[in-house]
Amino acid sequence: VRAEEIESQVWDRILDEREYDRDLPDLVDALIRMRGSEDTDVLDDAIWPLSLKIHVLLARHDIEAAREAAALGERRLALRRAALAAHPDELAHSLRELAALYSFELESFSPERARSLEYEAAAIESGGGEAHGG
Amino acid sequence: MAGERLFRTFDAARYQGILPSLDELRATRALSAGAHALLASLLEPAPERAMGDGHEALRRIVRHPALAPRVFLAPKQISSVIEFVVGRTCFEQDGKWSLIERGASWAVLESSVIFLYDDPWFDELLNGDRPGVWDAPYPRGEAAFRGISHELLGELVDRVRAILALDLERRRPLPEGLGMQVIRAELAELLALAARARGHGRGLATQVLL
């Protein structure tokens, strides 16, 4: 089965709001593995499966899933830093999106990391900040 | 919400026109020039009401035509854009509807729905088994809807009138406290909506509210 087909299946189920399908986490994990093993430097296709997985995790509404989503968010940010190097406004959005992933039920489980991401986003938006690799 | 049925006036021709762009959004790759131009045309004026984060995400897509949406947007944001584009393009008032407010471009049927299903013609229509009724491929999930072609509206009006002419009280026992006038008022709203759609050369869209 090609990665495109699995990706399409996962995305279709998310569009249909079937995030709770029991086999969906395994499917999206398989997709991430396939994309990771592909001999490709296409960042777009490495980023999207992580976004799909983060979406599926957040639908679970539990702290362990939230932590896992944040960890995947860090992986995604590393890829986005490269993909969005010429688009600082979007990099700032990505930083804020990751900062939000460190919250569960309105409380941050890593306030220091969330603050650092917010700080970097603000610095980029004010035009005075350089994106760093953290 | 549970089991109410929403009807809205709907422009099926415009929907067919934007379908290739919706397919492109679903693909999450960089958009063609045509799709980009369509999306850019939908940015102004800003919507009067909050519509998820579809408008904001659309603005970001338009600002970065060379970037694939899959790079910088989350799945939920892309589905919100799809919903926004359909709402703005094919429905009146950006697709606005309300359970509380009454409006000229929508009708919400609750108590009267059962009387529609008693009519075999309506039963087929609402179940999507009648020619001229089709499932719209976008948006999906709770926002998914079924299109009812303009050509069916004349018969739809006749059927609603026929239902209204029946002795409804004798056909079904009503839940306590529910007046027949509520049911008649809902059906009258559907009649007015269908008349409006016919007058504007539109069809209807319908969906069950979950």
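This is a predicted model: local features need pLDDT of at least 70, side-chain atom pairs count only at pLDDT 80 or more; totals for chains, interfaces and linings use all residues.
Residues are numbered from 1 along each chain as its sequence is written, chains are lettered from A and ligands numbered from 1 in the order in which they are written, and side-chain values use heavy atoms, with hydrogens and water left out.

B:Arg5 belongs to strand E1 (residues 5–10) of chain B; helices (H or I, at least four residues) and strands (E, at least two) are DSSP runs, numbered from the N terminus. B:Arg5 is buried and yet has no salt bridge, the nearest side chain of opposite charge being that of B:Asp135, 8.6 Å away. Here buried means under 20% relative accessible area, exposed over 50%, and partly exposed in between (1.4 Å probe, protein chains only). A salt bridge is a side-chain nitrogen of Lys or Arg within 4 Å of a carboxyl oxygen of Asp or Glu; for charge, Lys and Arg count as positive and Asp and Glu as negative, with His and the chain ends not counted. Beyond its neighbours within four places in sequence, B:Arg5 has contacts that include B:Ala107, B:Val108, B:Leu109, B:Leu126 and B:Gln207, a contact being heavy atoms within 4.5 Å.

## Chain B as a whole

The secondary structure of chain B consists of 10 helices and 5 strands. Its C-alpha trace spans about 65 × 35 × 25 Å along the principal axes. Chain B has 210 residues, of which 53% count as buried. Among its contacts between residues at least 6 apart in sequence, 73% join residues at least 24 apart.

## The interface of chain A and chain B

The size of an interface is often given as the accessible area lost when the parts come together. Between chain A and chain B the buried area is about 2100 Å², with carbon and sulfur atoms giving 50% of it; this area is the accessible area (1.4 Å probe) that two parts lose on being put together, summed over both. A:Trp11, A:Leu15 and A:Trp48 supply 27% of the area that chain A buries against chain B, more than any other three residues. In terms of contacts, 24 residues of chain A meet 21 residues of chain B.

The rule finds 15 residue pairs in polar contact across this interface, both residues at pLDDT 80 or more. On the side of chain A that touches chain B, helices H1 (3–15), H3, H4 (63–83) and H5 (88–101) of chain A each supply at least two residues. H3(A) gives the most, with 7 residues. The residues of this side divide into 8 nonpolar, 5 polar and 11 charged, where Ala, Val, Leu, Ile, Met, Phe, Trp, Tyr, Cys and Pro count as nonpolar, Asp, Glu, Lys and Arg as charged, and the others, Gly among them, as polar.

## Salt bridges between the chains

Side chains of opposite charge can pair when their charged atoms come close. The rule finds 8 salt bridges across the interface of chain A and chain B. One joins the side chains of A:Asp45 and B:Arg29 (2.6 Å, N to O). Both residues belong to a network of salt bridges that also links A:Arg2, A:Glu4, A:Glu7, A:Arg35 and B:Arg70.

B:Arg60 forms a salt bridge with A:Glu90, with the closest N and O atoms 2.6 Å apart. This pair crosses from helix H3 (residues 54–63) of chain B, which holds B:Arg60, to helix H5 of chain A, which holds A:Glu90. Both B:Arg60 and A:Glu90 are buried.

## Pairing and packing within chain A

Over all chains, the structure holds 32 salt bridges. A:Arg80 and A:Glu97 form a salt bridge through their side chains (2.9 Å, N to O). Because A:Arg80 lies in helix H4 of chain A and A:Glu97 in helix H5 of chain A, the pair ties together parts that are 17 residues apart in sequence. A:Arg80 counts as buried, at 1% relative accessibility.

A salt bridge also joins the side chains of A:Arg96 and A:Glu118 (2.9 Å, N to O). A:Arg96 is in helix H5 of chain A and A:Glu118 in helix H6 (residues 111–125) of chain A, so the pair ties together parts that are 22 residues apart in sequence. A:Arg96 is partly exposed at 29% relative accessibility, and A:Glu118 is partly exposed with a relative accessible area of 33%. In helix H3 (residues 43–58) of chain A lies A:Leu50, which is buried at a relative accessible area of 2%. Leaving out residues up to four places away in sequence, A:Leu50 touches A:Ile32, A:Leu72, A:Arg75, A:Arg76 and A:Leu79.

Technical notes: A polar contact is a pair of N or O atoms within 3.5 Å; within protein, one must be able to donate a hydrogen and the other to accept it, and residues adjacent in sequence count only if both atoms are side-chain atoms.
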